[in-house]
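Open the model in your viewer and keep the selection panel at hand. The tour goes stop by stop.

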Amino acid sequence: MQTKRLEQPLEAQAHTRWPQAAILAGILLVAHVLWLLPLPLVWKGVGVELLLAAPGALLGILLFRAEPDPLARGFLACCGAIALQVPLLLAISSQGQVP
């Protein structure tokens with residue numbers, strides 16, 4: 001079954017990615033709204049956490065896109081989101097420091 005998905009033409013693969021891209025765009029839009037609106041600090045933290053988790057989740061989805069189980073893909077995306085947050089925060093925090 002895994003080879004069937006890989007043998008689809010590029011147009012069919014791109015068509016199946018539209019719902020995923022729409023969901024991701026919605027999550028990022030909600031994260032930006034939570035971060036930018038004058039809300040309690042807890043809600044701003046949720047927005048920033050979503051924004052920091054997005055690059056790692058996208059990397060996990062990209063690296064394991066051939067995984068047939070959607071639950072496993074979701075788990076691997078969460079692992080990528082958690083693993084990439086620390087280096088991302090270190091890179092962000094070092095931007096203001098000049099040696």
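Patches are made of residues with over 30% relative accessible area and no salt bridge; like charges are joined within 9 Å, and nonpolar side chains (Val, Leu, Ile, Met, Phe, Trp, Tyr) within 5 Å. A salt bridge is a side-chain nitrogen of Lys or Arg within 4 Å of a carboxyl oxygen of Asp or Glu. Accessible areas come from the Shrake-Rupley method with a 1.4 Å probe, and for residues only the protein chains shown count as cover.

This is a predicted model: local features need pLDDT of at least 70, side-chain atom pairs count only at pLDDT 80 or more, and totals for chains, interfaces and linings use all residues. Residues are numbered from 1 along each chain as its sequence is written, and side-chain values use heavy atoms, with hydrogens and water left out.

**Whole chain.** Colour by secondary structure. The chain has four helices and zero strands (DSSP runs numbered from the N terminus: H or I of at least four residues for helices, E of at least two for strands). Now show the surface. It comes to about 7800 Å², and 75% of that belongs to carbon and sulfur atoms. Of the 99 residues, 14% count as buried (under 20% relative accessible area; exposed is over 50%, partly exposed in between, with a 1.4 Å probe and protein chains only).

**The nonpolar patch.** Select Ile23, Ile27, Leu29, Val33, Leu37, Leu39, Val42, Trp43, Val46 and Leu50. Together they form a nonpolar surface patch with about 890 Å² of accessible area. The elements that give two or more residues to this patch are α2 (10-36) and α3 (41-63). Pick out valine 46, in α3. Valine 46 counts as partly exposed because its relative accessibility is 34%.

**Leucine 34.** Move to α2 and select leucine 34. Is leucine 34 buried or exposed? Leucine 34 is buried, at 14% relative accessibility. Beyond four places in sequence, leucine 34 touches Leu39, Trp43, Lys44, Val46 and Gly47 (contact means heavy atoms within 4.5 Å).

**Along α3.** Where does α3 bend? The bend is about 35°, at alanine 54, and proline 55 follows within four residues. The angle is taken between axes fitted to the seven residues ending there and the seven starting there. Now select the buried residues of α3: Gly47, Leu52, Ala53, Ala54, Gly56, Ala57 and Gly60.

**Glutamine 85.** Last stop: α4 (residues 70-93), which holds glutamine 85. Glutamine 85 counts as buried because its relative accessible area is 13%. Leaving aside neighbours within four places in sequence, glutamine 85 contacts Glu49, Leu52 and Ala53.
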